Amino acid sequence: MLRLLGGLAIAAALGLGGSTAEAQPPSSLRVLFLGNSLTATNDLPAAVAQIAQRAGRRLEYRTIAPGGYALEDHWNQGEARAALAGGRWDVVVMQQGPSALPESQANLREWATHWAAEARARGVRPALLTVWPESYRRSALTEVIASYRRAAAGAKADLLPGGDAWRRAWHCAPGTALYGPDGFHPSELGTYTAALVVYGRLFRAPLLGGTPSAGVRPRTARLVQWAAATSLGRRIPRARRCGRV
């Protein structure tokens with residue numbers, strides 16, 4: 001079911017760079033999210049919609065995210081392909097598990113490529129959302145990030161580096177609570193951090209200086225906004241490293 005949600009603000013404190021495309025971001029988008037419980041936990045698409053709403057933009061979306069699904073499962077099950085065919089989407093955001101092991105990396109590249117080709121054939125922009133490993137395998141995060149980067153490059157899809165934003169936040173503050181209680185699914189802060197990345201890339205919008213998600217302390221909000229912005233390659237003054245004011 002399509003939903004329009006309002007919520008939390010991310011107002012611009014910094015500009016976006018120099019290009020005309022970045023200076024004129026879209027005011028509304030229709031996005032199909034395909035993933036699993038890493039997307040469904042805390043309703044990541046709703047968090048993106050909330051950020052967009054408070055920034056004066058609009059996100060319409062549908063989420064198909066059964067627990068444990070990979071992109072291959074979505075392809076074979078059929079619901080997601082039917083949704084892609086019938087929805088007049090602007091973007092399809094795809095996500096599966098960490099995909100750090102060699103066979104998992106190959107599977108991610110193969111099915112991201114299939115989905116990206118299907119999306120482009122229907123005039124839809126493909127995007128791949130980087131996730132993260134379980135907390136006991138946190139050392140694998142670098143390989144997860146590399147796996148998704150290679151898959152996005154091979155599929156010619158946009159990369160939404162959520163896992164890289166997590167890594168940058170931890171580099172500055174190792175105790176940042178991005179995992180939920182089970183040590184795999186995101187906490188609300190972890191979802192907010194990934195949602196900032198998705199919003200910032202899809203809407204080509206600035207991320208720093210806005211009102212944080214409910215329950216997020218201003219200092220923590222500045223940290224994860226900085227982490228999301230730098231994961232997207234935004235140039236941030238050195239004085240504001242790690243979200244410093």
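**Arginine 88 and beyond**

Reply: Arginine 88 counts as exposed because its relative accessibility is 79% (buried means under 20% relative accessible area, exposed over 50%, partly exposed in between, with a 1.4 Å probe and protein chains only). This is a predicted model, in which local features need pLDDT of at least 70, side-chain atom pairs count only at pLDDT 80 or more, and totals for chains, interfaces and linings use all residues. Residues are numbered from 1 along each chain as its sequence is written, and side-chain values use heavy atoms, leaving out hydrogens and water.

Me: Where is arginine 88 found?

Reply: Arginine 88 lies in the loop between α5 and β3 (91-94); helices (H or I, at least four residues) and strands (E, at least two) are DSSP runs, numbered from the N terminus. Its phi is positive, about 55 degrees, although the residue is not a glycine.

Me: And arginine 204, what is its phi?

Reply: Arginine 204 also is not a glycine, yet has a positive phi of about 50 degrees. It sits in the loop between α9 and α10 (218-231) and, at 26% relative accessibility, counts as partly exposed.

Me: Changing topic: which residues of α5 and α6 meet?

Reply: Ala80, Arg81 and Leu84 in α5 meet Trp115, Glu118 and Ala119 in α6, where contact means heavy atoms within 4.5 Å. These residues divide into four nonpolar, no polar and two charged (Ala, Val, Leu, Ile, Met, Phe, Trp, Tyr, Cys and Pro count as nonpolar, Asp, Glu, Lys and Arg as charged, and the others, Gly among them, as polar).
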